[in-house]
Each structure stands twice: as C-alpha cells, then as structure tokens.
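These are my notebook entries on how the chains of one model meet.

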Amino acid sequence: MTVITPEIVREHGLSPDEYDRIKQLLNREPNFVELGVFSVMWSEHCSYKSTRAHLRKLPTTGPLVIQGPGENAGVVDIGDGDAVIFKMESHNHPSFIEPYQGAATGVGGIMRDVFTMGARPVAMMNALRFGAPDHAKTRHLVSGVVAGIGGYGNCMGVPTVGGEVNFHPSYNGNILVNAMCVGLARTDKIFLSAAKGSGNPVVYVGSKTGRDGIHGATMASAEFNEDSEEKRPTVQVGDPFTEKLLLEACLELMATDAIIAIQDMGAAGLTSSSAEMGDKGGSGIELNLDRVPQREENMTAYEMLLSESQERMLMVLKPGREPEAERIFAKWELDFAVIGVTTDTKRLVIKHKGAVVADMPITALSDEAPVYQRPFERKAAPKATQPAFDAARPVMASLLRLIGSPDLCSRRWVWEQYDTTVMADTVQVPGGDAAVVRVHGSNKALAISCDVTPRYCKADPFEGAKQAVAECWRNMTAVGATPLAVTDNLNFGNPQRPEIMGEIVGGIDGIGEACRALSFPVVSGNCSLYNETNGEPILPTPAIGGVGLLKDVRRMATVAFKRAGDALLLVGDTKGHLGQSIYLREIEGREEGAPPPVDLAAEKRNGDFVRGLIEQGRLDTVHDISDGGLLVAITEMAMAGSIGAELTFGDAAIALLFGEDQGRYILALPASEAARVLGEAKAAGVSMSSLGVTGGDRIAVKGAGDAPLAKLRAAHESWFPALMSGGELPPVN
Amino acid sequence: MKARVFVTLKNGVLDPQGKAIGHALNNLGFDAVGNVRQGKLIDIELTEQDEAKAHASLKAMCEKLLANTVIEKYEIELRP
Amino acid sequence: MKSAVIVFPASNCDRDAQTALAEITGTPPHMVWHAETEVPDVDLIVIPGGFSYGDYLRCGAMAAQSHIMRDVMKKAEAGVAVLGICNGFQILTESHLLPGALLRNADLKFVSRPVELVVDESQSAFTRKYSKGERVRFPVAHGEGNYFADEETLNRLEGEDRVVFRYAPGDNPNGSARNIAGILNEKRNVLGMMPHPERACDPLLGSTTGRPLFQSLIDTLS
C-alpha cells in the first residue's frame, strides 16, 4: 500500500485543509484508492466548490421546466407530451492538447449526457474560441477541433447546426471548446440517475475500460514509477461508432421499463457515476471491479475507478431484468456486465481481487465536498462615454473591412465540415440568427443558439453576461421562436484570484438578472475554471446556449432578403454606442470603453412585438443586430438573399451605422404592411423607424456611397479559407 | 504466428493524403522529399502454425476484406 | 410499391429514407437488420447513408461482407431495384454490384452542402420523371465521395448511358472523375449515388427535387 505523503496529497489537487477534512469524514487516513476517489469528487469539475454558492442564485425553475440543474441535462416541456433535453459542456484543456480527439470526445460526452436521460439527440452546437489568427498554433487547433467535432457528430448522425467561432489573443494558450447537445424525449419517458432501492443490480455497458485520461496528478506518484511508460495515461480517444451503438441500445432498452437509474460515465468515470447515482438515490453501492470489462491487463483498482475511457454507461436495473437488457446489448455488440449491487448502507464499497479496496460514506464524496466563499473583487463598471474615432473615415471602405474581418467573416469553411442536414429535419442551417430543427413528424420546431461576447464581459462582467443572455433570447425571437430556457458554460480563469472571482460573480449575477427578466431559466450548465497560461487569463466567457420553440414552423423568419422593394424597418433605439464595438477594434485599432448597456424591459418589449408579427404570419425576414452593428446586419441579410439595399434614413454617421446598441432588429416586409406595422409599434410603445428599401445589387447608404454585393461577398467568404490554407491573409482593405 | 499486412493504393490511383504529407514535408524544409504515398498497416495474430496455410489464409483475408483490389494492393509479412 | 431499408450498425440515414419512402409511396418500408439473412419480397431495396461499422478499414467494406448483403446481391441479380445513397453507394462498390470506388475527397475534408446536379440519363427506372439535362439540388454529406474508376470503365459507363447524375460544372464537391455523382449497373436496376435525394423531398428543407426519383420508381415498379 502506498503511504500517503503531503506530496501525494498535493499532487491530487487537494489542499492540506481538504485532506484533514477527509480524515475527519472517514475517521481515519484514506488509502491511496480512496484518496484518488476524493480527489476527483472534490475537484472543481465535479464539486463546483468555487461557484456553487453563487450558482444557487440563478433562476432554475419555470412553468415548463421539468428538470433543472443537477441531473445529466435540463428538461423542458414543449407540449403534446414532448420534452426537450439539453446541456452544454466544455472540453477545453483536452482540445488544446490534442484538438481532434479532445473536441471529438467533448461531443461524445455531451451526447451521452443527453441520451442518458432518454432523449434522442437531434442537434449539436458548439462555441469555439481560438487565439490570435496569426498565432503559431491557431491554424492547427482550428483544423483539428473542427474535424473532431465533425468526425464524431457526423458519424453519430446528429446534425451540427451552428455555433460560434471567435479569435482573440487571450485564448492563445487556452482555447475553448464548448459543445451543446439538444435531444427530444417523451415527458413520461425521462430517465434520472437516482439509484433507488437496495439489492438492485448495477450494470456496466458500452466500451471496455482502459487507462485513458487517468487523473494527471497521479503520474508522478510512487505507485507508478516502475513501468511508467506502459502505464502513462493516454489521451482519451473517441469511438463514435461504439457511441452510436450505445445510443441505439440504450434507447431500445429505455423503451422497456427495466431501468431504475442510468448515468453516463464521464469525467472521473466509474467513481463519479456510481457516487452520484448512490447520492441521488439515497442508497449505497457496492462494486466488484473484477467484473469490469477491461481492455488492458493488470489494471489496478485506482486505475479502473479513475479511468475516463469513453462510451460507457452505468445503470441500475430492476432485479431479474438483466437477461432482457443483456440481449439488447448483445444485439448491438456491446459489453454488458453486472458489476455490483445497490445497498442500504449509503456507502460506496469497492472490491477488487477479493479485498475491499475502498469504503467511504457517499455523502462525504458529494454533500460534504467543500464549498468555498472565495474572496472576490468586482471592478467598477467603466464609464459609458463615447470613445474617440475618426468621423470622416469613409463608411463603405470600413464596411468592406469589417465584413471580411476574423470575427465577422463567413464561417462556411467550418460548418461545411459538419453534416447539417442528417435526420432531415434541419429547417435553418448555420448562417442565420438561430438554427431551427423540426420536431420529427410534427410542425413544431426548436430554435437553438449559442451566444456570448467575451470582450463585453471583460470590460464589464455583469453587463456582458446580461448581454449574452439577451442576445441568445433575441436570436430565438428573430426566427419566431418563444425562448424556453438556457444552459450555461462558464469559462473563466483562476478563481483563487479575487479579480477573476469578481468576473465569475459578476457574470453569474448578470446571467441571473437577464434570465429572470426574460423568463429564460437556466436548466443545466457547466463551469470551466483555471483557463489561464503563465498568469494570463482568458477573456471571461460565459457562453449561453438557448432553446426556443416554434409552435408552427411554417411561420418562421430567416435573415435573407426575399423580395426587392421591401421596406426596411429598424426596431429598437439606436444611440450609436461604439464602446467595445468591433468597429472600434478593427477600424480604430482599440479595445476600450463600456459594453453597450442592455435594457431588459425594452429587450422584452421589442422582442415580443417582433415575434408576434412572425407568429401572425405577417413577417418572414428578420435579423437581430449584434457584432458590427446596423450596416453589417443589413449586409448579411443582403448577401444571404442576393438582393441589395438602399438606406435612406438620412443620417450616415459612423456611430449610428456601426454602433452596437442592444435590443434591435431589422425587419423587411412589403411596403403596405410596413405602414401598418409602424402604427402598431407606436401603439405598443416599441421604438421603430424606417431605414430604406431592398433591391439592386449593392449596399447603398445615402450620403456615404455604395459597395457592390459581389465585392462584399468576396471579402466575407475569403478570410477563413485563406487562414486555413496557410496563405497570406487577405489584406485588410 | 504473427502477420503484418500492408495495404497501399495502387500506382495511378490519386492519393490526396500522400500528396498533402509530401507537401507538408517540403514546407518543413525536407527538400529531398519527392512522391509520398500513404497506406495502412494491419497486425494480425494467428493460431495457425503452418506458414503456407497462414499465407494462403491471409491472402484470402486481403482479397475478401482487408484490401479493395479495385484501388489497393497488399503485401503480407509473416513472423513466427 | 413495397420497399425495404437495410440497417447496418451505425447506419444513420435509415430513418431519413424510411420517412421519405413512407410519405411518398404511402407504405412504410421494411427495416431490415444487417444480421438477418433475407430481405422481404419487395420492389425496392434502399441501402442508406451513414457510417456503417464506423467507416473503419474502408467505408462500406465491412457492411459489404454482412449476411444481408449476400441476399441483396442475389435479389439484385434477379432484377430487384437497389438504391444505394452515400454510404450505401460505398457499400455497393465494395460489394462489386457497381464498378469503381469512392476515395477520400480531393481536399481531404468532409463536405456537407447542397450541390447542383445534372440528370444525365432520364430513361432509367430511377429517373424517368426527370428530363435529360434537368438541374436538381440535393445535399451531399461525406468525407469519401471521390468517384474513381479506370479510364476504360469510365468510358464504358458513359458509352452505356450509365452515368445518371453528374455534379454541375464547377460544383464538384469531392474531385470525382468526370463529375460523376451517381451510376447504374449493367442491368440498370442498381443505382449508387453520393448526394442525398431523401433529404430533398420536403419544401421546408429547401428542395423537393428528390421526390421525382422516388416517384419514378413508383411508376416503374408498381
């Protein structure tokens, strides 16, 4: 038996205080296996020890919420007995180490979270952040991550329908790969992880266990010194083929009533899945590791418990139903093994080679995990003064530069590597405001979007987080969907630094405020902390993944102009806020000022009005205004529909054309209808004005000249392929 | 008995992966790199002890599954 | 028209084919698991898209060796119509029901987008509702769809009017020889194609130009 030294405790990421607490809870020294189990269960990833106290403040309930945070994914009622199940999760560090496999296993993990609950995954999204485009590693990382996401999702036959890709030097050493999965289930067929009852068989299914991704901290420990090359934990490798079989086998078994509880083996594998199932069920679990299907020889108990081998599930079945379940898994050529039993002891007991190698109270691993009130500093919000800029700069030249800039150019190079149309229900593919996926066999559809503007969050974490939620809500609304709920993926730096903890607290408070005001509860989520290299943290990046519902997908809006001669209307107040705008960064070369403030009441008023028009079948062309401002939004609509626009609203001021004021939309509709809509907006207290008309083959702004669509499109489409081909990036102008 | 099977594209079949590898090697400064072709290596453990029989059986495996003889050729290496 | 869809481990367009067939023919197809030995008595067998056996070894190689394919080959020989889409096309070439092979896309990337196709042969059981030269728009979604055959085979395919669909000039997504997107066997009852007609049957999804393919089959086979 390895002697536990302070060094070993430290290598397991546990503080001396935490170690004392473990001894107290056990009434003795833990052995090496138990120490490993505590180290993963008390890790930030599993225990949320830095954020839990703050996450409690988020709104997590609502009339349609069936399951909020705490299970594998959130569940929301969408009527007719259908439920949508979704979650977003990060796989940041593994993707930086090995971009293809890191991203692929991230996709696989989040899909398991969703189908564990009984849902068939129907759509994937992702939020990706990379370092500066000219950083030496960026191209390699982009190419590997995109191929990995596609490689896994395409094989699974689940469409990847959109996401975000951004570049910023703060991610040079810490890229972000956040994947979101959305699935559909029947409300009466939702599976949870509570291992209720005692004497029920605990069953292992899926792939065999190998020494994949075992906690890095153990690498240097005494036990592994002898033949360390052979035992070195390897990068987790995804096997989407096995996962596809696992999905079909699980759904086939779920159609019966044999399952009591089911849980995916994700991070910390067998350990966290069994502890969480026992904890939620108020039961104990006894496992015999000799029965675990193993891929490698001579695995220790420690290795089996901490292995992160992919494509595995743990289930508790009703007694006597094992043969029926085994038949299904045999049909799908997957491993199936009864490896333990539930007990009434509330203890996690692990046996290996005839001996008890670990015996711990389950509550010590879960409820008793530390919760920290870490000190935090919230910096004062920056003053909302207009930054200086050159008011005489030619508008059209700036538009051309912006539309071909790293954050605004077309992501076609990325999403053409994702199967966007498999399952034959994708109604809106990437490139619009939200993706739209029909509920199979019905006229209902889900709208899905991932949003956050990290530069806003850096300048003001509270307003920035509010903005992320508001933009997501706006994107649902812009296609005509009623926003239902969100999942959040909170990516931050080191929480032990008060200024970072301040960003976390501000961000969570901002999310909470916006979600409450917009009735957009948080039903699932994930935190990824310690994203920093050499003391340089990433921009705070609380990614928000939202899901909305279209009751009738035939009444839906898209961004593309559809008719020449349509009137263009602007919804929302335009004050010309240039602080933290893309214009200021790309054209003036400065990242400064306050982010645009979000008026949540106006956001709701404007959005409800726009959605109403779509639902009434009176409006089919809408785009929200976000990064780049009004003129960029118009240009995107024109490029999508291959119809130009002429703006005649009388003021070609740079701040009005490129400012990033929130709560705004552009609508295009026939002139006769536009007059009526303007009147209705006035009556509803919604700010609305006329911008001009659609038509022609260029973007023209009265008083500021014009630019041909063909030239704008060429700039828009060329940047990404040029980056990835390794050629010279197109000159910015 | 252990066998090693090499499966490679037939001459004349375009190999975009080999081309990309060659290109990358040139970019890394390996100027002497000419044509590059990529293939697969498959290790197989056999219970068969007779070398001739093993070879015949491996040949059948290649023809039937391991190689697509429309585009690929194969070589078999046997080691005791 | 009676139809069947073969399901291999990790087929993933089986449901899409099922939905399109049920809706257009009015009769749900039989879904046939790969381990079965016999396809029911039907007019059309569809081998759907997906990643059968994870695309491991070579796309379609292991599915081509499955039990059910022996019966598919027998039925194809007897004249039953067989339609292989995407991975289904790969399985048909791997089982030598169709000549040639599908190589890795020329630019090495998976490609998913709608492509424009030209109907090059409108006399077949699969295409008589189209006219020769008609343009249709189907999505493609594959990493290995680069059609390859030796010159002699290519000349023969063209000489016998067995190239049914070609990528429109300038819209070849994968480097296929002579822009070939779909071909017939000698007896003209087996069609393999990389683009997905079953994803182009619903106006909500952006194109309905896949419907005439299934309607042609109904006309011919019912």
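The entries below take the chain pairs in turn.

**Basis.** I worked from a predicted model, in which local features need pLDDT of at least 70, side-chain atom pairs count only at pLDDT 80 or more, and totals for chains, interfaces and linings use all residues. Residues are numbered from 1 along each chain as its sequence is written, chains are lettered from A and ligands numbered from 1 in the order in which they are written, and side-chain values use heavy atoms, with hydrogens and water left out.

**Which chains touch.** I took contact to mean heavy atoms within 4.5 Å. I found no contact between chain A and chain B, and their closest C-alpha atoms lie 11 Å apart.

**Chain C against chain A.** I counted 25 residues of chain C and 29 residues of chain A in the contact. Between them about 2300 Å² is buried, and carbon and sulfur atoms give 60% of it; buried area is the accessible area (1.4 Å probe) that two parts lose on being put together, summed over both. I noted three salt bridges across this interface, a salt bridge being a side-chain nitrogen of Lys or Arg within 4 Å of a carboxyl oxygen of Asp or Glu. One salt bridge pairs Arg15(C) with Asp425(A), at 3.3 Å from N to O. On the chain C side, helix H1 (14-25), strand S6 (111-119) and strand S7 (135-142) each supply at least two residues; helices (H or I, at least four residues) and strands (E, at least two) are DSSP runs, numbered from the N terminus. I sorted the chain C residues that touch chain A into 13 nonpolar, six polar and six charged, where Ala, Val, Leu, Ile, Met, Phe, Trp, Tyr, Cys and Pro count as nonpolar, Asp, Glu, Lys and Arg as charged, and the others, Gly among them, as polar.

**Chain C against chain B.** Here I found 15 residues of chain C in contact with 16 residues of chain B. The buried area is about 1300 Å², with 66% from carbon and sulfur atoms. Leu57(C), Arg58(C) and Gln65(C) supply 37% of the area that chain C buries against chain B, more than any other three residues. I recorded one salt bridge between these chains: Arg58(C) meets Glu72(B), with the closest N and O atoms 3.4 Å apart. Helix H2 (61-64) and strand S5 (101-103) of chain C each supply at least two residues of the side that touches chain B. I sorted that side into eight nonpolar, four polar and three charged residues.
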